[in-house]
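I opened this notebook to keep track of what I looked up, one entry per topic. The sequence and structure come before the entries.

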Amino acid sequence: MKTRILLPLAGAALLALTGCRTSMNSIENAQKTGQRQMISDSRVITDGSLAKKVSFVGVNQTMTPGGFLKIQIELLNRKHSLQRFSYQFEWFDANGMQINNIVSPTVPDQIEGGESKFISSVAPTSACKDFRVKFIEN
Amino acid sequence: MKKIILLFVMAAALPLVVGGCATPAHYIQTGGRESLVTVNSINIQDFIQAANDATSDLLASGALDKVANPPAVLAISRIVNNTGQQIDTDLLTKKIRVALLNSGKAQTTTTMGLGGTAEDPMAKGLQQESEFKSDQKATRTPDFTLSGKIIQTIAKDGNTSQSTFSFQLSLTDPKTGLAVWEGEKEITKQGGRPSVGF
């Protein structure tokens with residue numbers, strides 16, 4: 001009788017422990033041809049829980065042929081489970097004034113366990129000199 | 001004493017029962033995290049995302065910079081709606097137009113349209129009048145036309161539904177008839193019932 005109760009319980013515990021665990025392996029060329037122009041960043045962390053799960057690896061920037069600033073951020077999921085978050089880019093001109101952008105979406109995104117992922121955005125005008133990206137856990 | 005406590009609890013619960021769990025009307029940020037998400041229809045946040053991706057990709061490509069007299073002049077061609085819902089494609093194209101105008105890279109003509117229909121008939125009339133009086137052609141031929149298609153792909157398994165909306169856009173040089181830029185953004189949503197937020 002006890003076995004009948006214990007067996008499903010053990011099964012459920014096993015599912016709880018392993019069911020949502022995923023982790024990603026990857027391979028890439030060791031001798032890189034492209035050089036990322038990394039920039040120093042300033043971080044404000046108010047959600048320590050999200051920061052522990054999905055961390056910022058680095059930020060690099062480039063200019064598009066049309067003279068627009070392009071930003072790329074590398075994220076790393078430190079957990080072994082899928083994490084969902086949203087982010088939004090904000091752009092500022094040379095005077096630090098925010099540039100109103102009609103198409104500035106809050107982008108829902110997800111990252112697999114152990115995955116390293118890039119998110120990027122192009123400035124809406126060539127007047128954009130600075131940026132800020134907001135992250136929030138879903 | 002017990003009766004009083006019971007009555008007090010019941011009185012407190014009454015507004016909840018009468019009012020139900022409906023959320024009172026309030027403002028939210030358009031396209032923000034509180035927006036409603038429905039699987040089988042395109043939500044406003046989907047249009048914003050698709051327009052943002054298309055604009056960013058187009059600006060980064062440099063296709064608009066290859067015109068003799070910048071900024072490039074754009075004419076809006078047909079955007080085909082191949083989804084199950086009735087949508088106004090201006091929800092996509094207007095956002096792209098505004099973003100391109102603000103970028104300084106392109107302007108859109110409102111006096112030329114599909115089948116000779118102008119978006120702004122008054123501007124077209126005044127333009128024709130001006131051309132007649134001055135005996136000079138003032139209309140600038142568009143450097144590019146923007147066309148596209150919105151497609152919905154549906155999948156269902158049990159109570160779970162899935163919809164993928166593909167926003168396909170092409171920028172064509174009318175002189176050559178060749179697409180100088182093409183972009184596609186796919187948004188997939190899955191679920192059993194509508195929800196709030198991402």
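**Entry: a strand pair in chain A.** I began with strand 4 (residues 83–92) of chain A, which pairs with strand 5 of chain A in the antiparallel sense over five bridges. The model I am reading is predicted. Within this pair I found A:Tyr87 opposite A:Val107 of strand 5 of chain A.

**Entry: A:Ala123.** Where does A:Ala123 sit in chain A? I located A:Ala123 in the loop between strand 6 and strand 7 (130–137) of chain A. Is A:Ala123 buried or exposed? It has 28 C-beta neighbours inside 10 Å, and 20 or more make a residue buried, so A:Ala123 counts as buried. Setting aside residues up to four places away in sequence, I listed its contacts as A:Phe68, A:Leu69, A:Trp91 and A:Cys128. I also checked A:Gln88, which is 35 residues from A:Ala123 in sequence and 12 Å from it in space, C-alpha to C-alpha.

**Entry: where the chains meet.** I went on to the contact between the chains, which takes 20 residues from chain A and 24 residues from chain B. On the chain A side, strand 5 (107–111) and strand 6 (116–122) each supply at least two residues. By class, I recorded 10 nonpolar, nine polar and one charged residues on the side of chain A that touches chain B.

**Entry: the largest nonpolar core.** Which residues touch the most other members of the largest nonpolar core? They are B:Ala51 and B:Leu74, in a core of 42 residues. I noted that elements of both chains give two or more residues to this core, among them strand 3 (69–77) and strand 4 of chain A, and helix 2 and strand 2 (72–82) of chain B. Helix 2 of chain B gives the most, with eight residues. For B:Ala51, leaving aside neighbours within four places in sequence, I listed contacts with A:Val103, B:Leu92, B:Lys95, B:Ile96 and B:Ala99.

**Entry: helix 2 of chain B.** This helix covers residues 44–61 and has 18 residues. I found 15 of its 18 residues buried, so helix 2 of chain B is largely enclosed by the rest of the structure. Just after it, B:Gly62 takes a positive phi of about 80°.

**Entry: helix 3 of chain B.** Its 14 residues should span 20 Å at 1.5 Å a residue, and its end C-alpha atoms are 19 Å apart, which agrees. Its buried residues include B:Leu92, B:Lys95, B:Ile96 and B:Ala99. What covers the buried residues of this helix includes helix 2, strand 2 and strand 4 of chain B.

**Entry: a hairpin in chain B.** I ended with strand 5 (residues 160–173) and strand 6 (residues 178–191) of chain B, which run antiparallel and are joined by 13 bridges. B:Ser161 stands opposite B:Gly191 of strand 6 of chain B. The two strands form a hairpin with four residues between them, and B:Gly177 in the turn has a positive phi of about 75°.

Methods:
Residues are numbered from 1 along each chain as its sequence is written. Chains are lettered from A and ligands numbered from 1 in the order in which they are written. This is a predicted model: local features need pLDDT of at least 70, side-chain atom pairs count only at pLDDT 80 or more; totals for chains, interfaces and linings use all residues. Two residues are in contact if their C-beta atoms, placed from the backbone, lie within 7 Å. Ala, Val, Leu, Ile, Met, Phe, Trp, Tyr, Cys and Pro count as nonpolar, Asp, Glu, Lys and Arg as charged, and the others, Gly among them, as polar. The expected span of a helix is 1.5 Å times one less than its number of residues. A residue is buried if 20 or more other C-beta atoms lie within 10 Å of its own, exposed if 12 or fewer, and partly exposed in between; C-beta atoms are placed from the backbone. Two strands pair if DSSP finds at least two bridges between them. A nonpolar core is a set of buried Ala, Val, Leu, Ile, Met, Phe, Trp, Tyr and Cys residues joined through C-beta atoms within 7 Å.
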